[in-house]
Amino acid sequence: MDLTFSEEQDELRKVVRSFLTRHATEADVRRLAAHPSGYDPVVWRRMATEIGLQGLAVPEKYGGSGFGYVDLGVVFEETGRALLCAPYFATVALAAETLLRCDDERARGDLLPGIASGETVATLALTEESGRWDEAGIRLTAHDEAGGWRLTGMKTYVLDGHLADLLLVAARTPSGVSLFAVESGAPGLARTPLPALDQTRKQARVEFTNTPACLLGSEGAAWPALERTLAAASVLLAAEQVGGAVAALDAAVEYAKIREQYGRPIGSFQGIKHKCADMLVEIESARSAAYGGLWALDAGDEAETAISAALAQAFCSEAFTKVAGDNIQVHGGIGFTWEHPAHLYLKRAKSSEVLLGTPSYHRELLAARLGI
């Protein structure tokens, strides 16, 4: 296993960072966080047409570039660093991953090209009022009528569910958990944006009332694919969290260099030095966990990926929250103000900490997967 980045991956990082430096500034983040849609469609199209981010890890036969998970992790690290306001995680880490892992070649051929081209915003509707990310938490029902399948029930905390063109919905049928595709204009579909602590990542409640849906794969056979999707998404979220934590540390160090007290930079005081050093240790440990998960994904080792995903998400969630909080502490009074961007990173950290299950949930998964 090669645990170093290639020249191409380093160049990819430079290209993505350059793009986000121009199109995901702090002003852009604040503007889009306050907007109901939460993203800029023009920038979204440019992400697809200029640097191919939506189709980066989609196989070429479906209109993508066929890159690996390490490459995709580089992108997510940079989007986390910039607090990108776009339905990128929902579309790429959840929806595209689900399509790639479900046993339905026709659906992949029909739906992935739109995602890769940037024409389709997609998401995965899995969680319900319980907030659970496991198989037992899926209660929404699907029944087969003359003319096709119909969904009845509700999903909540659906990332970008208020604007997605395509919803992949996990529902329960007599045979078990099944996966369905629902178009945005389907009758009986109602979507309500939810208030959230982190306004840079929109969520919605989605209600289905006898809503027509298309079955993907075999009835009752969806959970193994969904479980693998959640493991991959957990690793990609960990990479995003590392990027956010790095940005928070950079901000703290820069401020410690220029802010003076008693005639000297606060970075010269032992307490600030130690706090910044502790932040760095947290980040490097989180980076190792996230990168280990990415390499396991690329190696195709499902058992190792499941373990690495639970480890990465349990550690990186808490590391990002700690570093984002310490950044505010280093900034002192100004760090608590609305005008300063430090609170944006703390809010993203807190929302990401529970996005795919809490750290304690992932530690339980890790223990189960290790057999302890």
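Author: In this predicted model, helix 8 and helix 9 pass each other in a left-handed crossing. Two packed helices are described by the angle between their axes and the distance between the axes. Here helix 8 covers residues 270–299 and helix 9 covers residues 302–331; their axes come within 8 Å and cross at roughly 155°. Because angles over 145 degrees count as roughly antiparallel, helix 8 is roughly antiparallel to helix 9. Sorted by class, the contact of helix 8 with helix 9 consists of 14 nonpolar, seven polar and five charged residues.

The pockets come next. The largest pocket has a volume of about 460 Å³, and 21 residues line it. Nearest its centre lie Glu26, Arg81, Ala82, Ala247 and Tyr345. Two or more lining residues come from each of helix 1 (7–23), helix 2 (26–34), helix 4 (69–82), helix 7 (223–258) and helix 10 (342–355). Helix 7 gives the most to this lining, with four residues. By class, the lining of the largest pocket holds 12 nonpolar, four polar and five charged residues.

The second largest pocket has a volume of about 330 Å³. Its lining is formed by 16 residues, and the closest to its centre are Tyr157, Gln203, Ser351, Val354 and Leu355. For the second largest pocket, helix 10 gives the most to the lining, with three residues. The residues lining the second largest pocket divide into eight nonpolar, six polar and two charged.

Definitions and conventions. Residues are numbered from 1 along each chain as its sequence is written. This is a predicted model: local features need pLDDT of at least 70, side-chain atom pairs count only at pLDDT 80 or more; totals for chains, interfaces and linings use all residues. Side-chain values use heavy atoms; hydrogens and water are left out. Axes are lines fitted to C-alpha atoms, for helices over the stretch in contact, and angles run from 0 to 180 degrees between N-to-C directions. Angles under 35 degrees count as roughly parallel, over 145 as roughly antiparallel, 65 to 115 as roughly perpendicular and the rest as oblique. A crossing is left-handed if the near helix is turned anticlockwise from the far one by less than a right angle, and right-handed if clockwise. Ala, Val, Leu, Ile, Met, Phe, Trp, Tyr, Cys and Pro count as nonpolar, Asp, Glu, Lys and Arg as charged, and the others, Gly among them, as polar. On a 1 Å grid over the protein atoms alone, a cavity is a set of points where a 1.4 Å probe fits but cannot get out, and a pocket is an open set with protein on both sides within 12 Å along at least five of seven lines; lining residues have an atom within 4 Å of a point. Grid points are joined across faces, edges and corners, and a volume is the space filled by probe spheres set on the points.
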